[in-house]
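Welcome! Have a look at the model below, and then we can go through a few questions together.

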Amino acid sequence: MSNVPSLPIEAVLFDLDGTLVDHDAAAEEAVAASFLSPFAPSSLERDRVVRRWRELEAWAMDRYLAGELTFHEQRRLRITRLADEFGLGAWSDEKADDWFAQYLSRYEAAWQTYNDVTPALAVLTAEPRQLRLGVITNGDADQQRRKLQHVGLTSLLQHATISSEAGAAKPDAKIFRTACSELQLQPSQVVYVGDRLQTDAEAAIAAGLHGIWLDRRDIASVTSVPRIRTLTELAPLLTQLMRGRFHLFHPHIGQFSESVGVVRKRRQVWLGYGGRTG
């Protein structure tokens, strides 16, 4: 296998929530104001509620992505389950919908990018790279597009492949290949960056793209894919890739060792789930 990619890198695509936009902070702020303040104000209850809200979000979102629930139904399920578990009884659909409308307003108002996003994207679109940028994200297309617009990324990320429109969700290879097809590029010409090891980086590699794991929590120094801790480390890693300093890693073939991401053996860390949502 040649060390040099057969075709030049032309595009970098990103996961949205947890990679570009701080979903967890927005969701925590919103649930604290909407549920904790009126129903569970103590600091101990705050930790429990936030943790359980994240778990319910993951569970309900997986069911939505699997086609078992509509986007609206997964929202309703999360809050009715949370209310019941914290002793607030069975909520009607109307009460659940009213609560979620308040939560959603606070969640959307709290959307913001991580501090490293704008400078990192500016480097990628500057001379001499001038790379095409975009996102591949799981979730509802209307919400995800509003999110991009709210945080001011629409002009920089002109391509968006979203699961509700693509008919497939990460980690399915179809959504990655759909994005490449829409860009009229081969998968080997596209880099994909995300904060979930399996759902983002490994899934992208399995689909033929160059997958990179954004380990914002710095939880592993040994991984199965190229790893960065902040987006400021992305441009140097891309330079190495473009110069052919490491192979496109396949999870069943070989190993590589790089200063930014070191691979010695497979290790399952921060697997994540398919998506995050309001």
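**Salt bridges and a helix crossing**

Q: Is Glu55 buried, partly exposed or exposed, and what is its relative accessibility?
A: This is a predicted model. Partly exposed covers the range between under 20% (buried) and over 50% (exposed). Glu55 therefore counts as partly exposed, with a relative accessibility of 40%.

Q: Which residue forms a salt bridge with Asp215?
A: Asp215 lies in the loop between strand E5 (210–214) and strand E6 (227–228), while its partner lies in strand E6, so the pair ties together parts that are 12 residues apart in sequence. Both residues are buried. With the closest N and O atoms 2.8 Å apart, the partner is Arg227.

Q: Are helix H3 and helix H4 roughly parallel or roughly perpendicular?
A: The axes of H3 (residues 71–85) and H4 (residues 93–109) come within 9 Å and cross at roughly 100 degrees. Angles of 65 to 115 degrees count as roughly perpendicular. Therefore H3 is, relative to H4, roughly perpendicular.

Q: How many charged residues are in the contact of H3 with H4?
A: Among the residues making the contact are Arg75 and Arg78 of H3, and Asp93 and Asp97 of H4. The contact also has six nonpolar and two polar residues, and the number of charged ones is five.

Methods
Residues are numbered from 1 along each chain as its sequence is written. This is a predicted model: local features need pLDDT of at least 70, side-chain atom pairs count only at pLDDT 80 or more; totals for chains, interfaces and linings use all residues. Side-chain values use heavy atoms; hydrogens and water are left out. Axes are lines fitted to C-alpha atoms, for helices over the stretch in contact, and angles run from 0 to 180 degrees between N-to-C directions. Helices (H or I, at least four residues) and strands (E, at least two) are DSSP runs, numbered from the N terminus. Angles under 35 degrees count as roughly parallel, over 145 as roughly antiparallel, 65 to 115 as roughly perpendicular and the rest as oblique. Contact means heavy atoms within 4.5 Å. Ala, Val, Leu, Ile, Met, Phe, Trp, Tyr, Cys and Pro count as nonpolar, Asp, Glu, Lys and Arg as charged, and the others, Gly among them, as polar. Buried means under 20% relative accessible area, exposed over 50%, partly exposed in between (1.4 Å probe, protein chains only). A salt bridge is a side-chain nitrogen of Lys or Arg within 4 Å of a carboxyl oxygen of Asp or Glu.
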